[in-house]
Amino acid sequence: MVRYFTRLRMRRIYKWGGRPYIFDRKLKSYGFEYLNMSVEGQEAVTTVTPGQYILIEGNDDEYPFVAKLLKFFGDESHKQKKALVQWFLRLSEVPQNKKLLLGRSPHPQEIFYYLGRACDNEINAESILGTVQHVPEDTPFPEPGTKDTLYVKLSWDTKAFNVLDPVLMQDTPASTPPKPALPLFPPCASPTATPVSRGPVRRALPTPDPTVMRRAGSVSDTRATMSAGKRSTLEAESIHSASKLSASKILSAKRRGSAADTPGVRKKLQLSPGKKMTRADVLCELLDEEMESEKVISLKLSSSVSHSLQHGCSLSPMRSGCKTPNGQRRFPWKLSSISLDRLSPTALGEQDLSRATTPSRRKESAMAIRKPALGVLAEEDSEDSPMQPIALTPRSKRKSAQLVSLRIRKQLNLLDNTQKLISDGDDDCFVPSKKDLQSSSDSEEETMVRKTRGRNGKASARTPCKTPSKKVCMVTPSTPRHATPSIPSRTVPARQPGNILEEARARLHVSSVPESLPCREQEFQDIYNFVESKVMDGTGGCMYISGVPGTGKTATIHEVIRCLQHASDMDEIPTFRFIEINGMKMTDPHQAYVQILQKLTDQKVTADHAAALLEKRFSNPAPKKETTVLLVDELDLLWTRKQNVMYNLFDWPTRRHARLVVLTIANTMDLPERIMINRVASRLGLTRMSFQPYSFKQLQQIITSRLNKVKAFEEDALQLVSRKVAALSGDARRCLDICRRATEICEHSTSHPSSAGLVRMNHVMEALDEMFSSSYITAIRCASLQEQLFLRAVIAEFRRLGLEEATFQQVFVQHRALSRVEGLQPISVSEGLAVCQRLGACRLLLLEASRLDMLQRVRLNVSQDDVLYALKAVRD
Amino acid sequence: MCTLSRQRKGSIHELVQMILRERFCHQRLPEKPVGMESQHKHLLELLRRTAVHGESNSVLIVGPRGSGKTMLLNCVLRELLEVKDVNKNVLPVHLNGLLQTDDRIALKEITRQLNLENVVGDKVFGSFAENLAFLLEALKKGDRSSSRPVLFILDEFDLFAHHKNQTLLYNLLDVSQSAQAPVAVIGLTCRLDVLELLEKRVKSRFSHRQIHLLSSLSFIQYLDNVRSQLSLPQDFPDTNFYDEWNDGIKTLCEDQSVVDVLQRHYNSSKDFRSLHLLLMLALSRVSASKPAIKPTDLLEASRVCMVDSKANILHGLSILELCLIIAMKHLNDIYEGEPFNFQMVHNEFKKFLQRKSHSIHNFDKPVVIKAFEHLQQLELIKSMDSSTAKIQKEYQLMKLLLDHSQIMEALQKYPQCPTDVKQWAMSAFG
């Protein structure tokens, strides 16, 4: 990395050689014959001509990308230098699990002709490093050592190594005309696509019909006959590899961004994010499983000049068009196979149908749905990967986990407002302060791509990954049997926050879902790893999570599930079902069965029947069973005398065929020991976790991350709130509520709501006072004279008796004496009782039942000192 | 001529009574709540944000009985519903802890008031569990911007905290803290320690906003308030009578005896409900022949208000029963409040009879027992044993529920009380 860094600092100068020999009107591009390349400060000029084999800048300086140059072209302004290439692969770029297909140990200098089309064959000419020689296939391998010679013997089409067709290696510089970057998706299909329908629909999109895709693939694919399966393989590859082009492309984008960077800060140079390292890393870990080989491409990354961008756009809608009839994994399998049958004109056999329902295919579609978000993620990952802490647990090294932790870190690092800003910001952050080498038009495109990506990414990331409620709207809404639960909608839409304080208030509301949860990284990682491993192994398990209220237990688990859903959509882990029940949200512990069954199968049965059905479901093997992740919130409420509900919940995961992961939440750490009988506690196991109350720094961080650059608070004020709350409870909800109240106080303190400034110390103090100060003293001060007198009488009687308890009769004697001293008219017993009852209603006094009349015993609910203090202040 | 004027007068005094009664019986809300401007503003702002912005909130209004919690809330709701946008956009749900004594009833009531789809007519279908699931599902489906805000008004909030597991409170407060349909949970309670009643997890979900209604009203303000409460509104039809009445009220409030009475009331309790009771009694003495409130009316009303509730019962007792009570009083004096049984009382009574046999009949024991039981039924004495069945009546331990002063006062006022009995009562140690 370091060596490369220094090399990069030597600026290379690129110049077109000769005049443009061809002008493509459609693309507004000129073709060029050769490119002169020189290194600044050196005389030597290297000339690169089409047909030569070149090295292309990657993120691994040892092994730059290899390609054969087909053609140069540039745009009218001559600023943008592009080249069309034929890629060659090094062995390290081949997925780990495919390496074995080679059948022999590879030569270090060996490369493979790349037949796949996932990588864009158009590159930025300025990423060319130099030329290499290539040796045709029939020569034997020489001794290793000569570094500039590479050997091609085989071709690689993402599935298998083939003997290289000699025709391909012939020098045909101009033979491949600048076909506008091969459409990655059959053009015949694209007209059906409506690019408009992309964003919001995406989430609910069902599976594409594989047969349609396959047909389309075989029709349009002129270069290689690839089945849909292959296609997906190739797509998968590029999703991780970020495609060769994008590697260089992103690099240039970074350079472009450098202009915006502060020149003083010279950040660590992060070289082309895309390819080798990350990919090798990631793939090694990822591709252990067989399934992992099939993946969907992110076409976004293949963004070249305008066409490919266009194609990228046209892809997903087209799919969505085909997909709609299909139910995807939320529906029973039967359904999907039926619709498949209906849709496939080329009579597919049973086998095909079953194939169509293999997870890989499902995932492929799921991928397509998630793609934009994924694109962003992949990019972020590759950019950040070298910065990851080394001290990771082996499990957490898994890519999805890394992605997730990256996201969190990102959130903390830059509290940028939108995803788009984040991704742009990233570029800026990691770019060396170098001159802008990129032409303007390119950068425009780049931003366009980024924008779309960012937007989509956000859209899909925001949407919660909950399975939608399965209440089906029945035809007859009048009968309450099939009533749909809904609150009537409002006639006037809710007003949006107007000023900064309102905005801050909206953000500080507990209900506003933050993009990620700061301060719970470790817990998140642990839960994530636990659930992920269970889902991957197809086993079951229990976990017990404890912590005082408001420490983010439920929120963390939701976040974990969201990330896991994401990962499963990206095909990294098998799909799973997430079900949530809450002990507080049911009327009886046995209702837990009913709710679980209803969420699993949408059946409504009685508790006993539901228990039996669940028992059957979890103990019998079933084909294609996916893991169920069950979150049981407020576990202590599920306690029954025989504890059979808890017993079942913890027993099911231990069954061989259950594939059930149970996450339980409660407030007390020792709940298993305290309330569970041995056989239940033993089944729960020892996988426990406790959420500590937030420290003041964490609380502060939580508020800051929520406020997210909305400048509404003074720094000190925030610190005061978080310190105060941390000292009392460490409850994040409390913290947010106080801040919210402080904004209101601030708003009211100024006459004009628009002119309200920052929330200052005094506002926060007032809010804290309101929420934490006890009202007893004020209540005593505001009480009537007789009530105050009665309190004094109570204390006097207590002192006389030496006890903290007296009957009303005794106190009343004191009261009468005191009122004589005070010169007040003595009150009747009834009045005295009324006074006493009033104090009792406020709970300043604790009273026995009032039917005891004069004999009811009286106790103080406040300390005597407080009463005396309050009364003394009244007199003064 | 004369009858006509009387009719007119009669109608006028009826009108006056109607206007003032509405005020005193809390049938009409005051224009502006008095002495709670900041609380009013706070609550109004809060509910306005829920109604307009769809921001979920929870708040407790805490104050002693009769301090105007419901009045404040109703004023705010009235004001809120006057706003055009809000009018059709909020769904208020009124619950009372004394009516909805458990979650099952409360849920049915909520569902009925929200008029969800499982309600037909006035009947709510489904079991308790189904109702809960249905309501939660309905609230969950809603979102901030599109669904109507629901205002849950929980009167006697503290009683809801006694429901099993606090399920209802947990769920309502949980909705108010999560991105579901916007709700505002408004609790009204007189208990200052209401938060201690909430379970941890319920408490954590509550926003800890409390609006305290603790009146720090001075006596001057109290007097002003009395005046304004008794004054007629400006739009009164008969201006002559209006001036006359209001002048009369002004002089009334300056009368020293009236001020004394009011001061006494003010000392006893500051809340308006007891004041209204007093004024109501005074108002009821206004008639066509006496179209004004006089100081004597107020004094009389005060006397009625202040009267000891047991004095009347004591007046209705027979001499024998009174004698028994005096015997009990002496026993209390001798044994310093220790409980007594019938036998002891009877002995004491017999001693008195022996001394003063000429003045009072000798009663048989069964008659005395009967009188003793009557006193027990009147709850002037109370049995101290929990298990009454095992012990013979004569030996059950009892306690007197009367204060010395009450007994002496009753004796003073008792018509034709024998002097011996009076003397016996006043003498120390029988």
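**Exercise 1. Find the strand that joins S19(A) in this predicted model, and say how the two strands run.**

*Solution.* Start with the pairing itself: S19(A) is joined by two bridges to strand S21 (residues 857–860) of chain A, and the two run antiparallel. Next, pick out a facing pair: Thr807(A) lies opposite Arg857(A) in S21(A). Now step back to the sheet. Its three strands come in the order S19-S21-S20 (chain A); the sheet is open and its pairing is antiparallel. Finally, look at the edges: strand S19 (806–807) and strand S20 (845–847) of chain A each pair on one side only, which is what makes them the edge strands. As a reminder, strands of a sheet pair through backbone hydrogen bonds, either parallel or antiparallel.

**Exercise 2. Work out which strands pair with S16(A), and in which sense.**

*Solution.* Take one neighbour at a time. Strand S15 (residues 576–582) of chain A pairs with S16(A) in the parallel sense, over seven bridges. Within this pairing, Val632(A) of S16(A) is the bridge partner of Ile581(A). The other neighbour to check is strand S17 (residues 660–666) of chain A, which is parallel to S16(A) and joined to it by five bridges. Here Val629(A) faces Val661(A) of S17(A). To finish, follow the chain: S16(A), helix H19 (residues 644–651) of chain A and S17(A) form a β-α-β unit that is right-handed.

**Exercise 3. Explain why strand S16 (residues 627–633) of chain A is largely enclosed.**

*Solution.* First, recall that in a regular strand the side chains alternate between the two faces of the sheet. Then sort the residues: Thr627(A), Val629(A), Leu631(A) and Asp633(A) point one way, while Thr628(A), Leu630(A) and Val632(A) point the other way. Buried means under 20% relative accessible area, and the residues on both sides of S16(A) are all buried. Since seven of the seven residues of S16(A) are buried, the rest of the structure largely encloses this strand.

**Exercise 4. Describe the second largest pocket: what is its volume, and which residues lie nearest its centre?**

*Solution.* Begin with the volume, about 1,100 Å³. The lining has 32 residues, and those nearest the centre are Arg23(B), His26(B), Arg28(B), Pro30(B) and Met71(B). Elements of chain B that give two or more residues to this lining include helix H1 (2–24), strand S6 (183–189) and helix H14 (272–283). The largest share, four residues, is given by H3(B). Last, sort the lining by class: nine residues are nonpolar, 13 polar and ten charged.

How values were computed: Residues numbered from 1 in each chain as written. Chains lettered and ligands numbered in written order. Predicted model: local features only at pLDDT ≥ 70, side-chain atom pairs only at ≥ 80, totals over all residues. Heavy atoms only, no water. Buried < 20%, exposed > 50% of the residue type's maximum accessible area, 1.4 Å probe, protein only. Pairing = 2+ DSSP bridges. Right-handed = clockwise from strand over helix to strand, strands pointing away. 1 Å grid on protein atoms, 1.4 Å probe; cavity = no way out; pocket = protein on both sides within 12 Å on 5 of 7 lines; lining within 4 Å. Points joined across faces, edges and corners; volume = space filled by probe spheres on them. Nonpolar A, V, L, I, M, F, W, Y, C, P; charged D, E, K, R; others polar.
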